[in-house]
Amino acid sequence: MEEKEKRELERLNRQAAFHVGASYLLYAMVVLTVIYVVDEVTSNINSAMQPYVLFDLFHITSRDVNSQEYTGAINVVAPMQVASQFLLIVTPFYKALSDRFGRRIFLMINTVGMGLGMLVVMSAQNVWMYIVGMLCMLFFTPNDMQVLYIMETAPKEKRATLSFVAKGIALISVSVIGILSRVFLNDADPSSWRKVYMIPVAVAIVVGIVSYFLLKETPVFVEQRRAFLSMTPEEREQKKKENEKDKTADEGGVFAAIRYIFSNQQLFWILIAGFIFFATTFYTSYYATVLEGAMTTAMVSSVLVIYPLFNGVMTILSGFFSDRLGRKRVCLLLGSIALVGLLLFVLACNLGWGAFAAGMAYGCSIGGLWSMSDTLILTMPAESSPSGMRSSVMGVMSILIGAGSFVGQIVFIICQNFLPMGTLFLIICVPFMILSLLILMTKVKETKDVDLDKVTADTFK
């Protein structure tokens with residue numbers, strides 16, 4: 001064994017002696033929940049600020065989202081947003097590194113990276129710099145290292161519950177975007193939207209750096225890595241041959257994960273269902289435009305405070321239901337809530353039902369949407385993958401499933417020149433969501449209560 005590996009094994013042996021008791025679990029959950037808050041604020045702030053950013057960067061003095069100038073701005077920004085997502089092909093290579101170097105360092109990098117991305121957006125003086133900042137945010141937010149941290153630290157019977165509770169609290173905290181909007185947005189100052197980013201930028205960078213010193217490595221990673229380092233060269237070679245036969249790997253890797261996903265029937269059908277489902281997620285990028293066209297800026301700010309509350313409550317409830325009903329049945333429930341909520345949101349905007357009704361409907365809709373998304377992209381793939389490949393599989397799945405958003409985005413970009421946005425939301429989302437649920441219910445096997453340490457290629461056959 002090389003000296004470097006000996007030192008790593010000694011360090012991991014010391015950490016393995018640490019018992020993850022209730023007190024540490026509670027402490028870790030507090031830190032991870034704060035990181036989740038950063039993640040969700042980063043994920044939502046650009047969509048919330050979109051109309052005001054476009055008004056400023058494209059010099060739209062009318063501030064009318066129904067104007068030709070605004071439609072032209074969407075025609076410029078939306079295709080660049082879609083095209084920039086192709087750069088995310090490097091994300092699984094990046095995420096796979098945590099299967100080798102550990103989760104803790106990448107938890108810090110992801111969180112700091114989100115803050116730096118928001119900083120670039122905040123200081124952008126033209127649309128190109130704005131896209132660069134968005135791309136940086138887009139690169140770091142899908143990795144969800146805090147979710148993997150929770151799943152590999154929590155007891156198996158509480159994995160989904162704790163994950164969804166943490167996310168629910170984080171989503172409720174997204175209300176801070178609405179609060180900051182009410183404080184800083186000013187129609188008389190086109191660049192006032194930049195002030196909304198200041199506090200989230202500072203929190204992301206500070207919390208990211210501090211997290212490295214507050215958390216220990218996850219127990220599942222420690223055991224998996226110790227087992228690998230403890231093998232002799234002959235044992236590693238024999239294990240490698242066995243893995244090649246089973247299409248698995250001890251240290252993960254993008255190409256190994258791709259081979260495993262497409263050769264494993266369980267993961268393959270999760271991929272298909274998720275890909276189709278993700279064609280419906282585009283509406284979360286344009287809801288603020290629909291709101292701005294239906295109500296005043298002050299009312300929009302109220303919606304930005306209201307919807308995260310319902311989004312968070314829906315997410316917390318979905319976590320409890322997931323551990324009781326199972327992953328498949330909870331997806332059926334969440335998908336139905338997402339569609340009904342979207343319909344009510346469109347009606348609330350078109351019929352003038354007010355900020356509370358619009359916020360409640362949108363919050364319930366995306367609460368169902370993103371909770372189902374997390375189940376398809378994170379929970380079920382993680383529970384269907386061997387420990388040594390789990391992060392790599394999750395990274396690859398997030399890209400392959402996320403690519404489904406191109407379908408919905410392309411249809412939207414073309415049709416928004418001819419049809420109202422709210423109507424487009426329903427026309428595109430309803431058929432894709434129903435098809436995704438049909439595939440999930442008929443082709444994918446339940447993963448609730450699976451032992452993460454014992455998952456193999458044969459577990460779901």
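Student: Which residues does S384 touch, not counting residues up to four places away in sequence?

Tutor: Happy to start there! Contact means heavy atoms within 4.5 Å, and residues up to four places away in sequence are not counted. With that in place, S384 touches Y260, Q266, L267, I270, T447, V455 and F460.

Student: What kind of model is this, and how are residues numbered?

Tutor: This is a predicted model, where local features need pLDDT of at least 70, side-chain atom pairs count only at pLDDT 80 or more, and totals for chains, interfaces and linings use all residues. Side-chain values use heavy atoms, leaving out hydrogens and water, and residues are numbered from 1 along each chain as its sequence is written.

Student: Is S384 buried or exposed?

Tutor: S384 sits in the loop between α19 and α20 (390-402); helices (H or I, at least four residues) and strands (E, at least two) are DSSP runs, numbered from the N terminus. Buried means under 20% relative accessible area, exposed over 50%, and partly exposed in between (1.4 Å probe, protein chains only). S384 has 1% relative accessibility, so S384 counts as buried.

Student: How many Å separate the C-alpha atoms of S384 and F418?

Tutor: Along the chain, S384 and F418 are 34 residues apart. The separation of their C-alpha atoms is 43 Å.

Student: At what angle do the axes of α16 and α22 cross?

Tutor: Axes are lines fitted to C-alpha atoms, for helices over the stretch in contact, and angles run from 0 to 180 degrees between N-to-C directions. Helix α16 covers residues 287-294 and helix α22 covers residues 421-443. Their axes come within 9 Å and cross at roughly 140°.

Student: Which residues of α22 make that contact?

Tutor: From α16, the contact uses Y287, T289 and V290. On the α22 side, the residues are M421, G422 and F425.

Student: How many aromatic pairs are there?

Tutor: Rings of Phe, Tyr and Trp (its six-membered ring) pair if their centres lie within 6.5 Å; planes under 30 degrees apart count as stacked, over 60 as edge-to-face and the rest as tilted. By this rule the count is 19 aromatic pairs.

Student: What class is the pair of W193 and Y197?

Tutor: The centres of W193 and Y197 are 5.8 Å apart, with 80° between the planes.

Student: Why does the pair of F310 and F356 tie together parts that are apart in sequence, and how many residues apart are they?

Tutor: The ring centres of F310 and F356 are 5.8 Å apart and the planes stand at 80°, so the pair is edge-to-face. F310 lies in helix α17 (residues 297-325) and F356 in helix α19 (residues 355-383), so the parts tied together are apart in sequence by 46 residues.

Student: Which loop holds H59?

Tutor: H59 has a phi near 55°, a positive value in a residue other than glycine. H59 is exposed, with a relative accessible area of 64%. Its place is the loop between α2 (22-57) and α3 (68-84).

Student: How many disulfides are there?

Tutor: A disulfide is a pair of cysteine sulfur atoms within 2.5 Å. C349 is in no disulfide, as the nearest cysteine sulfur, that of C429, is 14 Å away. The count by this rule is 0 disulfides.
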